[in-house]
Amino acid sequence: MLSGKHIIVGITGGIAAYKAAVLVRLLVRRGAEVQVLMTPAAKEFITPLTMATLSKRPILVENFNPENGAWNSHIDLGCWADAMVIAPATANTLAKMACGIGDSLLLTTYLSARCPVAVAPAMDLDMMAHAATCQNLETLAQRGVAIIEAESGELASGLSGKGRMAEPEVIVEALERIIGRPQTLKGKRALVTAGATIEAIDPVRYITNHSTGKMGYAIASELAARGAEVCLVSGPTRLECPQGVRRVDVRSADEMFEACIQEWNGSDIGVMCAAVADYTPEQVSDSKIKKSDDDMCIRLRRTRDIAANLGACKEGRVLVGFALETDNEQSNAVAKLQRKNLDFVVLNSMRDKGACFGGDTNKITIIDATGECPCPLESKADAASRIADRIEQIINNK
Ligand code: CTP
């Protein structure tokens, strides 16, 4: 997949720079042509000789050669590359990328690059968790930079936490994903909801459901892999945010509603995969409700229907909903298709084996105005790919 591809490996000044040697080696082994760019600080951590030897071409640091004035054109580099990966990416470089600062060849090349760009952050845990770093990463992700998440573990400082650069093998896999997939949804913005919402009763108790968010996360990941800019509005879950996806965390149906209404502006695609509570306690007690000997009754009010509200102002965009049913599956799904003004409904029947909450497989039926298409039991990733194919078909036929 990487054979013959032109890849720029940008190395910045962090202790993880030593892993860039392995990364370059793996890329060259896969037949890629690698051009290494280093910041001046990176040379303190790993030698240009090492990187030039492994990449089989001179590394570049400065905008021009002070000896003979030869210009290292960031513009030519930006056009040459099929992909650019900055590994390790320090907090400093990420901040400059987010602000559009071009005070090194690496940064001006990033600003000139027309190809997909990935960053593999590496830094101390507190720098990683700093609001500025988090915001810079979010800004870059929104602009389509693939974030190859740092891992947790022992750090050079002796502290332990999140900040270790992803292993070179993981970075290569991410590059294969970025380069290998046709970017059929490039330029499109997608809003995906996922997971269950949590409706508070008091500070201690809540009402929720069994959704884990796996299907929604698989869809977000698939759309991002096809080049869409994806916003994932997610209820509480243990799942990792997929590469290149911007996640907005919410808890209640009301919070999810507000986030979605805001994100729907400017979106081209909406996939409503979340299991949103249809009812929420009318009143949330500020203090823990104490039990008595009597039975108790909690009055619930209806929540607002996110899908139906987005469907009411769809204006040529693609909107997909889900229906999880135990009986009268088809007719219930068709009713949702019409009521919420959806392009198609993905039906799950609780009667199907292998389509349960939290599993890695699903058995879906796609229902639109023209009829229904039952699909085999398959992985959630394959079901997500099928759903993305159908979305693309609708976009292409518009
Ligand atoms: N949905 C939504 N906002 C809500 C409720 C549901 O966006 N407040 C979306 C879900 O994400 C899903 C679809 O609507 O795409 C599910 O339809 P819904 O009629 O709510 O199904 P159920 O919650 O199962 O309700 P019902 O009791 O009508 O079957």
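## Parallel pairing in the sheet

Strand 16 (residues 318-325) and strand 17 (residues 344-349) are paired in the parallel sense over six bridges; two strands pair if DSSP finds at least two bridges between them. Gly321 has Val345 in strand 17 as its bridge partner. Helices (H or I, at least four residues) and strands (E, at least two) are DSSP runs, numbered from the N terminus.

The model is predicted: local features need pLDDT of at least 70, side-chain atom pairs count only at pLDDT 80 or more, and totals for chains, interfaces and linings use all residues. Residues are numbered from 1 along each chain as its sequence is written, and side-chain values use heavy atoms, with hydrogens and water left out.

## The open sheet and its edges

Eight strands make up an open sheet of mixed pairing, in the order 12-11-8-13-16-17-19-20. Strand 12 (245-249) and strand 20 stand at the edges with a single partner strand each, so one side of each is left without a neighbour in the sheet. From one strand to the next, the twist averages 20°.

Strand 19 (residues 364-368) and strand 20 (residues 371-374) run antiparallel and are joined by four bridges. The two strands form a hairpin with two residues between them, and Thr365 has Pro374 in strand 20 as its bridge partner.

## A helix across the sheet

Helix 10 (residues 253-264) lies across strand 8 (189-194), strand 11 (229-234), strand 12, strand 13 (269-272) and strand 16, and runs at about 170° to strand 8. Axes are lines fitted to C-alpha atoms, for helices over the stretch in contact, and angles run from 0 to 180 degrees between N-to-C directions.

## Helix 1 and helix 2

The axes of helix 1 (residues 17-29) and helix 2 (residues 48-55) come within 9 Å and cross at roughly 15°. The two helices are therefore roughly parallel to each other (angles under 35 degrees count as roughly parallel, over 145 as roughly antiparallel, 65 to 115 as roughly perpendicular and the rest as oblique).

Ala20, Ala21, Val24, Arg25 and Val28 in helix 1 meet Met51, Leu54 and Ser55 in helix 2, where contact means heavy atoms within 4.5 Å.

The axes of helix 4 (residues 91-99) and helix 5 come within 10 Å and cross at roughly 40°, which makes helix 4 oblique to helix 5.
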